[in-house]
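I opened this notebook to record what I looked up, entry by entry. The entries follow the order in which I worked.

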Amino acid sequence: MTYLRAIGQPRLRWIVTVALLASLAGLVLSQVGAADAAGSTTTGAATAGAETSSHGGSKPTVVLVHGAWADSGSWDQVVARLQRQGYPVIAFPTPLRSLPDDSAYLAAFLSSVPGPIVLVGHSYGGAVITNAATGNENVKALVYVDAFLPDEGETLGELLGTPPGSCVLGPPTEIFDLRPIPGAPTGVVDAYIKQSLFPSCFANDLPAKQAAVLAATQRPISTLTLGQPSGPPAWADLPSWALVGTVDRVILPATQLFMAERAGARIVKVKASHLSMISQPRAVTGLIVAADRATR
């Protein structure tokens, strides 16, 4: 019996129905910097000196893929740290329109990047890199940050609700501001997280004023994304690493660990919310560098 089947079909149908309007979770975002949080608790592959030390040889391009309710600015602090170490970095702009389309867009982009790539995804971005990297010989490592690692056929709605308890599951009108998308299929809308939920749900380790800015600058994600099955996973053929925020209330730590362990990822646990690249950029950077070093 798989992890998903174990919850029972009636409950699963309820979870998927709710989740289809309760968007999958990638919140991070935009143009806001946070100071390094000292005292991160980590286990696994990250090393304390990874951020500042150097090593020989040409370095891969690091492509950073943001999640839902986010933009490329969510990676600002990680980008700065990687650039100081001499890494070429690209923060990819995810359209947030549908899982197949977003994945195809990233796959086309990756095909134009010369040389080796370390591909990093946060939250929904994890599902995007899982699909986009399949068959790309230049991608040498996958790094997941508070992210989805779906298997073939799974939907993000299913994963988000197993086990139940995510702060984005519940009555949709209490969690989201739903806005029309011109030309979209019937019933498909853009979902914005209600700004009042940001501090406790997504940014529970960030100052309230910073969380308010993140809430105001969010980008919406189409509700279409939640019920679309994922394709063959790139993590089946590529080495992967996963950073798990132990106080994440969006994708629960138990869900992250289940997916990461199933994928055979090397796991690092950090005391962080769903926005670990903002609250714990040093730990995130260290894991990316560790993935690069391990695959040289």
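**Entry 1: helix α4**

I began with what covers the buried residues of α4, and the list includes β1 (61–65), α3 (99–110), β3 (117–122), β4 (139–145), α5 (156–160) and β7 (221–222). The model is a predicted one, in which local features need pLDDT of at least 70 and side-chain atom pairs count only at pLDDT 80 or more, while totals for chains, interfaces and linings use all residues. Residues are numbered from 1 along each chain as its sequence is written, and side-chain values use heavy atoms, with hydrogens and water left out.

For the names, I took helices (H or I, at least four residues) and strands (E, at least two) as DSSP runs numbered from the N terminus. I counted a residue as buried under 20% relative accessible area, as exposed over 50%, and as partly exposed in between (1.4 Å probe, protein chains only). Contact means heavy atoms within 4.5 Å.

Helix α4 spans residues 124–132, and nine of its nine residues are buried. Among them I noted Tyr124, Val128, Ile129 and Asn131.

**Entry 2**

Two packed helices are described by the angle between their axes and the distance between the axes. I used axes fitted as lines to C-alpha atoms, for helices over the stretch in contact, with angles from 0 to 180 degrees between N-to-C directions.

The axes of α3 and α4 come within 8 Å and cross at roughly 60°. The two helices are therefore oblique to each other; angles under 35 degrees count as roughly parallel, over 145 as roughly antiparallel, 65 to 115 as roughly perpendicular and the rest as oblique. The crossing of α3 and α4 is right-handed, meaning that the near helix is turned clockwise from the far one by less than a right angle.

From α3, I found Leu99, Asp102, Ser103, Leu106, Ala107 and Leu110 meeting Tyr124, Ala127, Val128, Ile129, Asn131 and Ala132 of α4. This contact has nine nonpolar, two polar and one charged residues. Here Ala, Val, Leu, Ile, Met, Phe, Trp, Tyr, Cys and Pro count as nonpolar, Asp, Glu, Lys and Arg as charged, and the others, Gly among them, as polar.

How many of the 14 residues of α11 are buried? I found eleven, so the helix is largely enclosed by the rest of the structure. Helix α11 (residues 281–294) reaches 20 Å from its first C-alpha to its last, close to the 20 Å expected at 1.5 Å a residue, the expected span being 1.5 Å times one less than the number of residues.

Its axis and that of α2 (residues 76–84) come within 9 Å and cross at roughly 50°. I recorded the crossing of α2 and α11 as right-handed. Gln77, Val78, Arg81 and Leu82 in α2 meet a set in α11 that includes Pro281, Val284 and Ile288.

**Entry 2: backbone details**

I noted a cis peptide bond from Thr162 to Pro163, with omega near -5°; Pro163 lies in the loop between α5 and α6 (172–175).

Trp69 is not a glycine, yet has a positive phi of about 55°. Trp69 sits in the loop between β1 and α2 and is buried at 0% relative accessible area. Asp146, also not a glycine, has a positive phi of about 45°. Asp146 belongs to the loop between β4 and α5 and is buried, with a relative accessible area of 0%.
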